[in-house]
Amino acid sequence: MDEAFAHIEGNGKKNCKRDMVPPDGGWGYVVCLGVGFTFMLGFGSSNAFGILFHNFFIEQGSASGLPLVIGVYNGALSISGFLSGIALKRYSFRQVGLIGAGLFVLGDVLTIFVQRTYQLVFTFGVIRGAGFGMMIPVSFTAFNCYFTKRRTAMMSANQTMSSIASITFPILVTYLLAEYGLRWTLALIMALDLHLVFAMLVMHPVQWHMIKNTEASITEFKSKCDVLNVSKINYENDEAIVKMLPADDSEEKEKLPKRHESIQKSIIKMICENVEVDLLKDPRFVSTLLGLGFAFVSDITYLAMEPMLLFSYGFSKMEVATCVMAGAIADLLARFLLAVITFFVAVDSRKLFFGGTCITILLRIALVSGSDLWWVFSVTVASGVVRCSVQVLFPLVLATAAPPDRFPAALGLHIIFSGVLMLMADPLIGVIYEATGSYSYCFFAMSFCCLLCVVLWSIEYIIYRKDKR
């Protein structure tokens, strides 16, 4: 159990020496590489989902299963990610991460043999999504523990690896499908995803690689290592822990129901402690939470549905892959440009997000207004440029709506709300396609989600502007 508690700030831990600080390099570079591979492999194949399973959904006779699978996938990812953050209070990075990697690879293996859409929902959506969701908090937490001064530079490197995967995977999947077919392509992707096991194995507790403190005190590490302090939890007196003591069978039978009951109470208590619902008493926070949730769901669904729309225009797989790749390249360049601009000029992240969401509504409508290749290509590139305002700025917007010390709780609420919203909204988009037989109405529904964000924040602005006056 030493490894399980090595990354936690507990009372009387010998590993936490006052003269030791995080390496800010060293083994941290290996951890950074593991984090990069996690996001590269996790997001890469997901972004090419529409291209990968296009023929599969045609064989099933309906494309409405695509938004259902994506909705379940992102819902499972969000919920398991929240629960993984709670699990990190009791277990080590590698213990939680290896379970996630195992589920992810298991989902890949089972997906190779799927014959029906409902099977794909379970293998890719539930199992694979839950596995990736468990690895995300592990990756972020381990990364934050190893780096302090070089955190921004290393995170930029990780984002670059993720962006490279988004650019290359559509072309790679298109080539593999042409050469080997769906089943062997899924097998090759599974082989690539096996590297996630090694990525989780390198997530050592930071105490194993601490170095002597030469500049700052250990308090700097404690403030920046984003692992929740569990010193308030008294594990020795916790009823949830079953003590291995000899006892009569009759006594054990009497204690067994109480133990199960205490374990249930402990789980419920831990979840309630990590969901600070009192934040919902602030109307401005609720408005921000709802707006971000709707915009986020619209963006994620767009990435999955765009290839299906382009296929309905009669584009070839290579043309679709090229358009998706161009959008990813535009997104990467926009992120770089945004980083440079914000380095020299202070910008209001909320206003920039609001403006980007307004433009997104117009671009969604523009995409379904014409089927010419160059028109679609241009709109996709423009969407990639604007998309960075949603993906990059949403944590900053959320941070402005909650007190600094309560940002983890606000992020937890955002994860839960977005996950539940995806479970409801994406299947509904599939129903819209079944009812209309056109992807245009699906993209109108995505635009409506963005419009809800714009309307909510406009009402909030009008109300609070009057209050200020």
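These questions and answers go through a predicted model and the labels given to its parts.

User: What makes up the protein in terms of helices and strands?
Analyst: The protein has 18 helices and two strands. Buried residues account for 51% of its 469 residues.

User: Why is Thr360 called buried?
Analyst: Its relative accessibility is 7%. Buried means under 20%. Thr360 therefore counts as buried. Thr360 sits in helix α14, residues 349-367.

User: Which residues does Thr360 touch, leaving out those up to four places away in sequence?
Analyst: Thr360 touches Val386 and Cys450. Contact here means heavy atoms within 4.5 Å.

User: Why is Cys358 called partly exposed?
Analyst: Cys358 has a relative accessible area of 27%. The buried label needs under 20%, and the exposed label needs over 50%. The value of 27% lies in between, so Cys358 is partly exposed.

User: And Cys32, buried or exposed?
Analyst: Cys32 has a relative accessible area of 7%. The cut-off for buried is under 20%, so Cys32 is buried.

User: How many disulfides does a search of the whole structure find?
Analyst: The search finds zero. Take Cys358: the nearest cysteine sulfur is that of Cys453, 8.1 Å away. A disulfide needs two cysteine sulfur atoms within 2.5 Å, so Cys358 is in no disulfide.

User: What puts the buried residues of α16 on the same side of the helix?
Analyst: In helix α16, residues 394-401, the buried residues are Phe394, Val397, Leu398 and Ala401. They cover an arc of only 100 degrees around the axis, which puts them on the same side of α16. As a general rule, an α-helix has 3.6 residues a turn, so residues three or four places apart point the same way.

User: How does the span of helix α13 compare with the one expected?
Analyst: Helix α13, residues 317-344, has 28 residues. From first C-alpha to last, α13 reaches 41 Å. At 1.5 Å a residue, 40 Å is expected, so the two values are close. Buried residues of α13 include Val320, Cys323, Asp331 and Leu338.

User: What makes a set of residues a nonpolar core, and how many residues has the largest?
Analyst: Its members are buried nonpolar residues joined through side-chain atoms within 4.5 Å. The largest core has 80 residues, and Phe49 and Leu120 have the most contacts inside it. Helix α7, residues 117-146, gives the most to this core, with twelve residues. Apart from this core lies another, of 29 residues, with Leu338 and Ala402 among them.

Technical notes. Residues numbered from 1 in each chain as written. Predicted model: local features only at pLDDT ≥ 70, side-chain atom pairs only at ≥ 80, totals over all residues. Heavy atoms only, no water. Buried < 20%, exposed > 50% of the residue type's maximum accessible area, 1.4 Å probe, protein only. Helix = DSSP H or I, 4+ residues; strand = E, 2+ residues; numbered from the N terminus. Arc of directions from axis to C-beta.
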